[in-house]
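Dear colleague,

Please find below the structure for your review. My notes on it follow directly after.

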Amino acid sequence: MDASSDDGDRRPSRLGRMTLGLGLALQASEDFRDMEDNVEYAESAGVPMPDLVAPFASGMMVASGLGLALWRFPRLATGGVVTFLTLVTATMHDFWNADEDSKDGERLAFFGNLAMLGGALVFLREAYR
């Protein structure tokens, strides 16, 4: 297989990494606009030390998303994304425990995170090839 056909085989993967990574980084960067609400939300979910964990988690996701998009330190970047999405999805978006007013929003966030986690797992495998 020559280099040009190999590059063509990688284009969808590169586009996927860039869109997933940039989407995650930009979404996490929005957390810094209203960190006080994010800290309160984390506190309400029982996250320990939410005033430290919430900004750390957002910063980690910005860095991991950019690393995924640019494919820099891919094992660390994809591992960070997978870790973040696994923990946040299970603890912050537990719609099965939510009250009726927030159940639909939490369910939507849960399944959205689950879809992003699936994509991140594909790239985690690629990082270890």
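Leaving aside neighbours within four places in sequence, with which residues is Leu24 in contact? In this predicted model, Leu24 is in contact with Met61, Val81 and Met116 once those neighbours are set aside.

Leu24 also belongs to the largest nonpolar core, which has 18 residues. Leu20, Leu24, Met61, Val81, Phe84 and Leu85 are the members that touch the most others. Helices α1 (3-31), α3 (50-70), α4 (74-92) and α5 (100-127) each supply at least two residues of this core, and α4 gives the most, with six. In soluble globular proteins, nonpolar side chains tend to be buried together.

I turn next to the charged pairs. The whole structure contains three salt bridges.

One of them joins Glu126 and Arg17, whose closest N and O atoms are 3.1 Å apart. Because Glu126 lies in helix α5 and Arg17 in helix α1, this pair ties together parts that are 109 residues apart in sequence. Glu126 is buried, at 17% relative accessible area, and Arg17 is buried as well, at 9%.

A salt bridge also links the side chains of Asp104 and Arg107, at 3.0 Å from N to O. These two residues are three apart in helix α5, so about one helical turn separates them. Asp104 is exposed, with a relative accessible area of 55%, whereas Arg107 is partly exposed at 30%.

Glu30 and Arg33 likewise meet through their side chains in a salt bridge, with an N to O distance of 3.2 Å. Here Glu30 is partly exposed, at 41% relative accessibility, while Arg33 is exposed, at 69%.

With kind regards

How values were computed: Residues numbered from 1 in each chain as written. Predicted model: local features only at pLDDT ≥ 70, side-chain atom pairs only at ≥ 80, totals over all residues. Heavy atoms only, no water. Core = buried A, V, L, I, M, F, W, Y, C linked by side-chain atoms within 4.5 Å. Buried < 20%, exposed > 50% of the residue type's maximum accessible area, 1.4 Å probe, protein only. Helix = DSSP H or I, 4+ residues; strand = E, 2+ residues; numbered from the N terminus. Contact = heavy atoms within 4.5 Å. Salt bridge = Lys/Arg side-chain N within 4 Å of Asp/Glu carboxyl O.
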